[in-house]
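Hi,

Here is the structure we talked about. Please open it alongside this note; what I found follows below.

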Amino acid sequence: MAVKKIGELLVESGLITEGQLHESLQASKEGRQRLGAVIVHKGYATEMDIAQTLAFQLGIPFVDISKAQVDPEAVGLVPERLAKQHVLMPLTQEHRVLRVAMADPLNLRAIDDLRFSTEMEIQPSVATLSDIDAAINTHYHLNEPIEDLLGDLKRDRLVELVREPEPDRDIAENARKSAAPPIIKMVDSVLIHGYENRASDIHIEPQELSVKLRIRVDGIMRETMKLPKWVQGPVVSRIKLMSRMDIAERRVSQDGRFKVKLGDKAMDVRVSTLPTQYGETVVMRLLDPKSSTLELNSVGLLADDLARVKNIIERPQGVVLVTGPTGSGKTSTLYSMIGSIKSERINIITIEDPIEYELRDVNQVAVNEKTGLTFSYTLRSVLRQDPDVILVGEMRDAETAIIAHQASMTGHLVFSTLHTNDAVSSVVRLRNLGIPSYMIGSALNGVLAQRLVRKICSHCKEAYNPSDEELRKGGVKWSGKKLYRGAGCKSCSGSGYSGRVGIFEVLTVNQKVKNLISSDGSEQDIFRAAVDAGMTPMHMDGLKKVAAGMTTLDELTRVIYLGKEDDGARCAVCFESLPEGAPRCPSCGASHARNCPSCSKDSEAGWKVCPWCGQKLAKA
């Protein structure tokens, strides 16, 4: 009955004639072959013609299995024997509905067998015979191609998923559904590869015909490999199951996390999914909660700035801010500050979202917005826990910022972060959050602005003379001293860089700066006062590290903008444009005079007194 109906549909659509159908039916019975295969073999129509005609005539979708997502859970619901018998391929399952690609969607016996076997409603779609056969051989026998796809990725270590107790979900059921062992091996290999290469993030990005795997190392994205399109569905489903996400929901973004052990090394993984044009993209952030935090003197602070930072964090009360864009190392710097002042005599409590690293002898609280455990609510609760030092992960809103400043004025030392470009603009940001200027001036101890630049690889470091283009882009004049760069070697994967170091700008709030903040002084006035008090602008700190051979001028200009549109003179203190012949910088007030301030006659560099009037000359 089913064969007859398919033949009639093909004749009605004009794809084949009555005579061709009769001949094909006769050959099908004699050779015990499927009607579609006989029609293709005789050259009356192609597989694609038959599939698309059936889809149009029956009003059901046509699917190209090579580009479709195949859910390993759906594959696990249908035995391979049944799939081969009826020439069908399970695709996805959602809300007790199983979507299946069939070469013969009119095979009612096949649909009944599926419904009985899976206890689900069946939603058929049409695909070609060869595509279904290839999909069955691939998805029911994943072991063979997986080893070739993984290439050089390491898979000689055990990755153990650490399950945390959660009474609201059936963990055993989720574990049973986590599909084929080869897919598990692939995800494990990706995690090991990221860990071995010091990656901070792993990106799985679906393309039109493939899946791109990229990792972020030292802040730079690096493409690892391209995987075939058919692995997209199984891999994404595996990661979602590990993260306890809803694998049936593909239309909205989701967030999750899981913990794994790589041998004897534990690692937290934060996962984010986002629906895109070609499927869900997955980003995994790798965190080692037990990694030893940096010592404060190891983060890259020069001697003067290190002394200034210690001065502001060793005060008994006040607010200390660390600013910079996302990924600039603010959290690591905060942890190093906490580690520097930590002792048994004080009670330290942190409020974070989430807890990135474990600090010994420190009480750490994870924010949970869904349960109402917000920064502001938690901060109020923490103040009743008799703390001496409080770390607030981020001042996201006015309420949190005001409570933090009030806490500092009642005898607590408060650490937090802001997203601003430099140290001085943090004052403006706090004002915009609604904090009164007098409160900022009274509470603020200091601000540390920072960026991360890549360090030159120590294995392939070499001296060189910078080009004119480099110097122009950097906006600096070359003194003739050789600079350094990495030639590229196996140790740094040819990049010339290995590891990162911070460049900083430390604003200490002295009495003059405090008065300017309290009286609503402008950003420019506060900057000048900060420079007078000894603040080294961030670009100058970076140039010192370029001169010391820690990083390159090219890397510094990648992170912060040094060049200026004009080619005129620049102030040696604040690096702003200096009008020609101006005795002082209009931005920071630094003296650039080359003549005697008393008699106005020309003077030369190195003179201590004017030879004409005896006036003592100030150093520029």
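Accessible areas here come from the Shrake-Rupley method with a 1.4 Å probe. On that basis, the surface of the protein comes to about 30,700 Å². Carbon and sulfur atoms account for 48% of that area. Keep in mind that this is a predicted model.

Overall picture first. The protein has 620 residues, and 46% of them count as buried. Its secondary structure comes to 23 helices and 19 strands. I also looked at contacts between residues at least 6 apart in sequence. Of these, 62% join residues at least 24 apart.

Next, the rings. Arginine 485 sits over the face of tyrosine 464 in turn, at 4.3 Å from the ring centre.

H3 runs over residues 35-42. Leu35, Val38 and Ile39 are buried there. Why do they fall on the same side of H3? Because they cover an arc of only 100° around the axis. Go just past the end of H3 and you reach glycine 43. This glycine takes a positive phi of about 85°.

Then turn to H3 and its buried residues Leu35, Val38 and Ile39.

Best wishes

Notes: Residues numbered from 1 in each chain as written. Predicted model: local features only at pLDDT ≥ 70, side-chain atom pairs only at ≥ 80, totals over all residues. Heavy atoms only, no water. Helix = DSSP H or I, 4+ residues; strand = E, 2+ residues; numbered from the N terminus. Buried < 20%, exposed > 50% of the residue type's maximum accessible area, 1.4 Å probe, protein only. Contact = heavy atoms within 4.5 Å. Lys NZ or Arg CZ within 6 Å of the ring centre and 35° of its normal. Arc of directions from axis to C-beta.
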